[in-house]
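Please keep the structure in view while reading.

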Amino acid sequence: MIKQGYEFVAGLEMHVQLNTSTKAFCSDNNAFGGDPNTLVSPVSLAHPGTLPVVNLSQIKSAIKLGIALGSHISDQVIFDRKNYFYPDLPKGYQLTQDTLPICIGGSIYLPKTKKSIQIHHIHMEEDAGKLTHDNHDTYSLVDLNRAGVPLLEMVTEPDFRSPDQVFEFIEVMQKLVTFLDISDGNMEEGSIRCDCNVSVRPVGSNTYGERCEIKNINSKRFAKIAVEYEFKRQLKLIAYGEHIKQQTLHFDKQRKITYPLRTKEDAHDYRYFPDPDLPVYHVTNEMVQEIEKSLTELPWKIESRLLERFPLNAVEAQTIAYNSNLTQLFERLAEQITPNLYKTLIDVFFQKLIKLEDYTKPPKEDQLLEFLELVGSKQVNKFHAYEQLFDLMISNPSKSVIQLAQELGILQSDDLDYTGTVVNQVLEQFPQEVQRYRQGQKKLMGFFIGQVMQISKGKVQAQNAQKVLLEILKSD
Amino acid sequence: MNVVQPKYTSLTDLQADLKNQQITCLELAQYYLSRIKSTNHLNIYIQVYEQEVLLEAARQDKIIQAGNFHELGKLYGMFFNHKDVICLKDHPISAGSKILESFESLYSATVIRKILDQDAMLIGRVNCDEFAMGSSNQNSTYGPTRNPHHEDYIPGGSSGASAVSVAVDTCLASLGSDTGGSVRQPASFCGVYGMKPSYGALSRYGLIAYGSSFDQIGFLSHSIEVIEELLKVSKGKDPLDATSIEIDKQESLPNKKYTYGYFSQLDDSHFLDGSIHEAFNQFKNSLVQQGHQVKPVEFSLLDYLVPTYYILTTAEASSNLSRYDGVRYGHRASPADEVLSMYKNSRTEGFGTEVKRRLMMGTYVLSAGYYEAYYNKAQKVRRLLVQALSNLFNQVDYIINPVTPNKPWKIGENLDDPIKVYLSDVLTVYVNLVGLPSLALPWSKDELNLPIGMQITGPRKKDLNLLASCKEMGTLE
């Protein structure tokens with residue numbers, strides 16, 4: 001995005017809450033919701049004498065994401081203490097990785113905006129609790145259910161050149177972490193949160209401008225709006241001849257603006273040092289290889305494979321590729337049909353199958369293949385097939401679909417004699433319209449076809465009806 | 001009389017008497033409780049679990065009378081206490097600090113749990129320096145504990161009351177903690193045995209942290225035998241402490257002759273107080289007479305021990321004690337208008353002078369701009385020390401020295417000279433910097449009747465060998 005000779009530049013810090021069964025350093029349940037301060041223990045409350053113990057699933061999740069993004073995986077896991085006082089931080093320090101992140105480098109390609117984003121690093125850390133300030137006049141409430149929930153923090157290079165890329169990055173990462181099954185990817189519940197660093201620079205410049213950080217955005221739409229706003233705000237400042245000051249900003253969802261979080265930037269000294277309670281954990285080659293093996297084909301590879309073989313659009317291909325259940329179902333069905341039915345399959349897949357409550361338990365496959373054949377060959381029209389036959393098929397798994405279509409009386413007829421009978425019936429019923437047609441009102445053809453369909457209750461194929469109608473009307 | 005002939009010094013003897021019905025647990029409990037009452041003026045116990053211990057004693061007596069010994073754990077009949085930094089479920093714990101006033105632990109420390117599982121009986125909680133920071137047991141919100149051999153003098157610290165509680169026979173053993181000598185130095189000043197196991201040999205889960213990479217629970221008792229029993233029962237890897245380890249099994253070493261090394265600087269008559277110098281010479285002679293070899297060894301890092309120790313422990317402490325903020329538990333200052341004042345006021349009111357001093361030092365050495373010069377450099381020295389000690393153990397079996405270079409000082413003395421007190425830790429802190437097992441044994445007494453202890457330090461994880469070889473040493477009295 002370029003305006004007034006200035007270019008948009010952004011980098012993201014994305015926090016992903018992991019879906020491990022327990023917290024990062026103790027055995028508390030890692031779950032969303034729950035009454036305040038019920039998912040806690042002496043360890044997460046930082047009671048005297050308690051100690052953290054590393055959750056191995058957290059390390060494995062981080063490695064999984066690293067492998068998917070092509071990062072270098074560190075062979076040592078070192079946790080550092082980031083010291084600061086805040087009521088949502090029970091220990092008075094956060095366990096994080098300051099000196100040696102678990103994953104270094106890597107990249108991800110954004111297909112819609114056609115942009116590759118480089119990953120600087122991914123590190124592990126623990127989440128803090130939640131403060132509520134609105135319930136009381138004189139005090140704030142502390143909920144420590146979230147304290148100690150394992151997080152991955154992914155830091156990108158400042159590679160974003162448009163708000164759309166920011167949007168798509170979050171979208172793709174959300175799908176990726178869900179695909180890898182390391183997070184539920186639920187942004188409403190805060191499972192993914194972003195800090196966006198925005199700066200501007202003259203087009204062609206190869207240094208970066210002073211950046212402002214918009215904190216804690218939990219929606220891709222808001223992220224896009226916020227960085228767009230911030231870009232314009234900085235341009236305005238420049239237009240007035242002012243300097244951009246490095247600052248931390250908050251995004252106001254209602255007013256859709258950014259505003260400074262702290263008036264004066266107090267330089268925090270976090271006094272990082274390696275946590276003496278957690279010995280260095282050594283990541284072995286075997287461990288990395290095992291995780292690598294457990295990873296199925298990565299979604300972008302599936303996506304391009306699907307796009308090559310099937311008449312899918314980009315959104316459809318991505319939807320299938322980022323969900324391994326859908327990928328499996330789609331490819332299994334596709335293997336059993338001829339290519340002329342691919343379009344029908346895709347339509348049925350997106351119109352009906354993925355809208356089922358539980359698409360992991362789809363209709364019986366032989367039924368489904370029969371259904372595709374009937375719709376594809378137009379023996380049942382699409383309307384009847386989608387609105388009636390599909391549901392009937394699911395509730396009668398033992399019956400053949402053609403039999404069900406017959407019972408519904410929606411099986412279309414190839415019988416041109418039958419078609420002729422119905423056409424003649426219609427033409428006799430509407431002599432005036434026949435006359436007007438012959439006088440040149442050719443668009444009445446649609447009306448006749450409609451009537452034929454109605455009388456035959458859809459059993460006549462529209463093409464056949466048109467063919468017969470044209471013949472009769474011409475011959476007279 | 002403060003110091004009496006101990007009723008029992010050996011668990012084997014004690015359990016034999018219980019079996020032979022020479023004594024009952026209840027009688028023993030009453031004896032110890034009466035000792036606690038008659039030594040009340042020394043300010044040892046913060047809390048006595050009188051009712052609990054009487055009930056448990058009666059329960060054990062019933063089982064003993066029925067002859068059902070298989071129902072009893074290895075430590076039945078043993079009465080012990082715990083330092084005010086080791087947590088016991090549903091009981092107050094305060095680390096000798098106002099900041100933990102009225103705090104009760106929701107869980108028991110792994111070590112306490114393991115010992116109680118073996119039917120030892122916990123008789124009370126004893127005083128100590130606030131957050132185990134101190135060498136004199138004067139830095140406690142409960143006031144100083146006194147040396148039973150001479151009440152004007154300090155008992156040492158930080159596990160001062162632990163040592164006194166054993167010396168005046170209020171229990172068979174005490175659980176202390178040792179970050180830089182806090183078990184061994186008071187053991188030495190009070191004339192009892194005190195052991196700091198290898199770092200990680202005992203779980204730290206439930207031990208209120210001071211310097212996490214130094215802290216270790218230790219034992220004080222009248223005999224090595226009791227310490228050995230406690231160590232065997234409570235050692236081992238704990239899933240709740242990632243730094244815990246398994247120590248090596250004991251090798252059988254009947255009548256083996258050892259090489260004992262000591263830092264050559266100790267030959268310098270200025271290094272040690274006169275009577276301690278003399279006692280150390282007697283100790284060395286006694287070892288030689290027993291057929292062992294004793295030799296001085298070169299150790300160039302002696303001057304760096306105390307600074308390195310204080311930089312690293314205070315750095316860790318400054319972070320470890322951040323949790324005492326008045327938000328979730330413990331002392332909270334009266335309502336403040338904003339959260340920062342709440343922190344400042346609560347911590348200002350809750351912590352004592354020595355703790356504040358160390359928190360300030362620790363915060364300083366970790367600060368941006370000073371980290372490299374202090375914390376990082378100290379870590380490098382620590383690595384050198386590990387290497388140096390490991391080299392020494394290629395030349396000698398054990399390292400010996402007096403536990404302290406100086407004698408106990410008077411209560412109230414040295415309060416305004418912390419550096420002088422820190423420097424007196426020189427002969428104990430290297431053990432914690434390297435994570436070695438080390439035993440303080442009572443050796444002799446000075447002209448004021450104050451005890452002098454000797455320290456024997458072994459290679460890492462060889463705790464059980466160390467205890468086995470020390471059993472043969474005896475004392476000079």
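Across the interface of chain A and chain B, 18 residue pairs are in polar contact, both residues being at pLDDT 80 or more. A polar contact here is a pair of N or O atoms within 3.5 Å; within protein, one must be able to donate a hydrogen and the other to accept it, and residues adjacent in sequence count only if both atoms are side-chain atoms. On the side of chain A that touches chain B, strand 5 (80–83) and strand 17 (273–274) of chain A each supply at least two residues. Helices (H or I, at least four residues) and strands (E, at least two) are DSSP runs, numbered from the N terminus. By class, that side of chain A has 20 nonpolar, five polar and five charged residues, where Ala, Val, Leu, Ile, Met, Phe, Trp, Tyr, Cys and Pro count as nonpolar, Asp, Glu, Lys and Arg as charged, and the others, Gly among them, as polar.

The model is predicted: local features need pLDDT of at least 70 and side-chain atom pairs count only at pLDDT 80 or more, while totals for chains, interfaces and linings use all residues. Residues are numbered from 1 along each chain as its sequence is written, chains are lettered from A and ligands numbered from 1 in the order in which they are written, and side-chain values use heavy atoms, with hydrogens and water left out.

In terms of contact (heavy atoms within 4.5 Å), 30 residues of chain A meet 38 residues of chain B. The two chains bury about 2,800 Å² between them, 60% of it on carbon and sulfur atoms; buried area is the accessible area (1.4 Å probe) that two parts lose on being put together, summed over both. Within chain A, the residues that lose the most area to chain B are Pro48(A), Phe85(A) and Arg271(A), together 23% of what that side buries.

Charged pairs come next. A salt bridge is a side-chain nitrogen of Lys or Arg within 4 Å of a carboxyl oxygen of Asp or Glu, and the count over all chains is 37. One salt bridge is found across the interface of chain A and chain B. Asp277(A) and Arg204(B) form a salt bridge, at 3.0 Å from N to O.

Within chain A, Asp275(A) pairs with Arg81(A) at 2.8 Å, N to O. Asp275(A) lies in the loop between strand 17 and strand 18 (281–282) of chain A and Arg81(A) in strand 5 of chain A, 194 residues apart. Both are buried (under 20% relative accessible area; exposed is over 50%, partly exposed in between; 1.4 Å probe, protein chains only), with 4% for Asp275(A) and 0% for Arg81(A).

Another salt bridge joins Lys112(A) and Glu171(A), with the closest N and O atoms 3.0 Å apart. Lys112(A) is in the loop between strand 8 (107–110) and strand 9 (115–126) of chain A and Glu171(A) is in helix 2 (residues 163–179) of chain A, so the pair ties together parts 59 residues apart in sequence. Lys112(A) is partly exposed at 44%, whereas Glu171(A) is buried at 14%.

What of the cysteines? A disulfide is a pair of cysteine sulfur atoms within 2.5 Å, and the count over all chains is zero. For Cys26(A), the nearest cysteine sulfur, that of Cys87(B), is 16 Å away; Cys26(A) is buried, at 16% relative accessibility. The sulfur of Cys470(B) is 19 Å from the closest cysteine sulfur, in Cys190(B), and that is too far for a bond. Cys470(B) is buried, with a relative accessible area of 2%.
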